[in-house]
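Colleague: I would like to go through this chain with you, starting with the fold and ending with single residues. Please show it first.

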Amino acid sequence: MPQKKYTSEDFKAMKKALKLTNKDIASIIGTGEANVKVQTAPGKELATWAKSMLYVYNRFQPKSDF
């Protein structure tokens with residue numbers, strides 16, 4: 001299965017759509033808020049946990065017929 005190259009912009013859009021903050025995500029994954037910010041910063045490869053969140057989020061989005 002081809003893998004999409006997820007970016008920090010994708011992560012930011014997901015957070016906005018789900019109304020989550022870095023603090024919320026830190027609580028979910030059991031780390032600090034600053035750690036979430038560093039691991040999802042623009043220009044860096046996303047952390048594995050962030051990629052997996054994006055994969056699941058995108059997988060369960062309604063498909064468009066367009």
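Modeller: Helices here are DSSP runs of H or I with at least four residues, and strands are runs of E with at least two, numbered from the N terminus. The model is predicted.

Colleague: How many helices and strands does the chain have, and which pattern does the chain follow along the sequence?

Modeller: By that definition the chain has zero strands and four helices.

Colleague: What does the C-alpha trace span along its principal axes, and what share of the residues is buried?

Modeller: The C-alpha trace spans about 40 × 25 × 20 Å along the principal axes. A residue counts as buried under 20% relative accessible area. Of the 66 residues in the chain, the buried share is 24%.

Colleague: What is the accessible surface of the chain, and what part of it belongs to carbon and sulfur atoms?

Modeller: The accessible surface comes to about 5,200 Å². Carbon and sulfur atoms account for 58% of that surface.

Colleague: How far apart are the mean positions of the positive and negative charges?

Modeller: The chain has 12 positive and 6 negative charges.

Colleague: Is S8 buried or exposed, and which residues is S8 in contact with, leaving aside neighbours within four places in sequence?

Modeller: S8 lies in helix α1. Its relative accessible area is 12%, so S8 is buried. Beyond those neighbours, S8 has contacts with T40, A41, P42 and L46.

Colleague: L18 is also placed in helix α1. How does L18 count by accessibility, and how far is L18 from Y57 in space?

Modeller: Helix α1 covers residues 8-18. The relative accessibility of L18 is 42%, so L18 counts as partly exposed. In sequence L18 and Y57 are 39 residues apart, while in space their C-alpha atoms are separated by 9.4 Å.

Colleague: Which residues make the nonpolar surface patch, and what is its area?

Modeller: F60 is one of the residues that make the patch. Y55 and V56 are the others, and the area is about 330 Å².

Notes
Residues are numbered from 1 along each chain as its sequence is written. This is a predicted model: local features need pLDDT of at least 70, side-chain atom pairs count only at pLDDT 80 or more; totals for chains, interfaces and linings use all residues. Side-chain values use heavy atoms; hydrogens and water are left out. Patches are made of residues with over 30% relative accessible area and no salt bridge: like charges are joined within 9 Å, nonpolar side chains (Val, Leu, Ile, Met, Phe, Trp, Tyr) within 5 Å. Accessible areas come from the Shrake-Rupley method with a 1.4 Å probe; for residues, only the protein chains shown count as cover. A salt bridge is a side-chain nitrogen of Lys or Arg within 4 Å of a carboxyl oxygen of Asp or Glu. Buried means under 20% relative accessible area, exposed over 50%, partly exposed in between (1.4 Å probe, protein chains only). Lys and Arg count as positive and Asp and Glu as negative; His and the chain ends are not counted. The place of a charge is taken as NZ of Lys, CZ of Arg, CG of Asp or CD of Glu. Contact means heavy atoms within 4.5 Å.
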